[in-house]
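Dear colleague,

Please find below the structure I promised to pass on to you. My notes on what was found in it follow.

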Amino acid sequence: MNKPVLLAGLAALALITTPAAAQKSPEAIAEAALQRAPVFDGHNDVPWELRGQVGNVINTFDFRDTTKPKPDGTVMHTDIQRLRKGRVGAQFWSVYVPSNTNEQLAVQQTIEQIDVAKRLIARYPADLSLAYNSTELQSQMKAGKIAGMLGIEGGQSIGSSLAVLREMFGMGVRYMTLTHGKNVPWADSATDAPKHDGLTDFGRQVVQEMNRLGMIVDLSHVSEATMKDALEATKAPVMFSHSGVRAVNDHPRNVPDSVLPAVKANGGIVMVVFYAAFVDPNLREHGLKRTAERARLDALYLGNPAGAAAALKAWDTANPPPSTPLGLVADHIDHIKKTIGVDHVGLGGDYDGMDAVPVGLEDVTGYPALFTELARRGYTQAELEKIASGNMLRVLKANEAYAASQKGQPPVETPVVK
């Protein structure tokens, strides 16, 4: 046989018989994606943890390592060394304060949370940084920093004032979740009795002014009607900073299929949450059964709260909550990809703001394990890079671009209450 023909045949045979040798493992695909595109996570509650644990007195607080158990026996999810291990390159730090009808107090508390987040970042200049725009954020990521941005979790934080909204933006806030667990005077929450059927006229003005400023409209925690009203009102892409999808777990905090097409049309992003209660339908069912049992016991032991408490404790012992597998988080991602495309998926872990996490995602070191699972399901490196940070950067830049196009537009004005 002609030697060149023989060599060509052997080469072809090698390609046919050894394809696995040429393929990357899921671990290698995940690693390559995270090398090129470190995680840009949508929601972390460390600032609120600092308020609860040390009253925002942080000069002696060691954020390099927070693995020492707290007085209640639990351990924080986040610190610098674990963020590094988890391949986090950018983080939206939530400056959450509770839903509160006393909006003036909520405004004060929010400013305090902005202050403690900034002070924490400033204490670790070799590792942490604060970005005010996408250019700064990408530059800081390239320099090896964990770049930070601030997000308000709940419209109570602006005290129903567009002036306060503007000043919060000036302080560095780059997204606002329109509600938290309760309604605000201008928008309905997913977990409160509907009052406004979505957004009020003032709520639409809030969205308009956020667009003008370049502050991203965040629709986690809001009702389905509020989601639809905000998507109709906004001129820039929205985000869900930490939400799942109802098709996988029918929880009111998650995004229904009726809304997902509008998210695609808007160019927005659903940043999939890790909180087990939002992720896992079995855990949700367990919680509903426990709620029903508690109501039954309260009625059965009427006038005997100690007896009711003891009986509920016995029920808890006999009925432990199910563990949540990491794969369920991937199921939420799969559904979004299948329904509206991978360009609209991100991650919003909700670390240090949740009390139940999936196995394998116990703290911020878990992102590589999730990416490995996605690679095992057939996600390409390019798709993983979009989920890690590419999609969130696109949404951030689109909001900045819209704001730049509105430079000549005056602020939205509303009269102050005399």
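A residue is called buried when its relative accessible area is under 20%, exposed when it is over 50%, and partly exposed in between. Arg 377, at 32% relative accessibility, therefore counts as partly exposed. Please bear in mind that this is a predicted model.

Arg 377 forms a salt bridge with Glu 373, with a distance of 2.7 Å from N to O. Glu 373 has a relative accessibility of 16% and therefore counts as buried. Both residues belong to a network of salt bridges that also links Glu 27, Asp 331, Asp 334 and Arg 376.

Glu 373 is also one of the buried residues of helix α16, as are Tyr 367, Leu 370 and Phe 371, among others. Seven of the ten residues of this helix (residues 367-376) are buried, so the rest of the structure largely encloses it. The elements covering these buried residues include α3, β1, β2, α15, β9 and α17. Just after α16, Gly 378 adopts a positive phi of about 105 degrees.

Elsewhere, Glu 49 and Lys 70 are joined by a salt bridge whose closest N and O atoms are 2.8 Å apart. Glu 49 lies in helix α4 and Lys 70 in the loop between α4 and α5, so the pair ties together parts that are 21 residues apart in sequence. Both Glu 49 and Lys 70 are buried.

A further salt bridge pairs Arg 166 with Glu 209, again with closest N and O atoms 2.8 Å apart. Since Arg 166 lies in helix α8 and Glu 209 in helix α9, this pair connects parts 43 residues apart in sequence.

With kind regards

Notes. Residues numbered from 1 in each chain as written. Predicted model: local features only at pLDDT ≥ 70, side-chain atom pairs only at ≥ 80, totals over all residues. Heavy atoms only, no water. Buried < 20%, exposed > 50% of the residue type's maximum accessible area, 1.4 Å probe, protein only. Helix = DSSP H or I, 4+ residues; strand = E, 2+ residues; numbered from the N terminus. Contact = heavy atoms within 4.5 Å. Salt bridge = Lys/Arg side-chain N within 4 Å of Asp/Glu carboxyl O.
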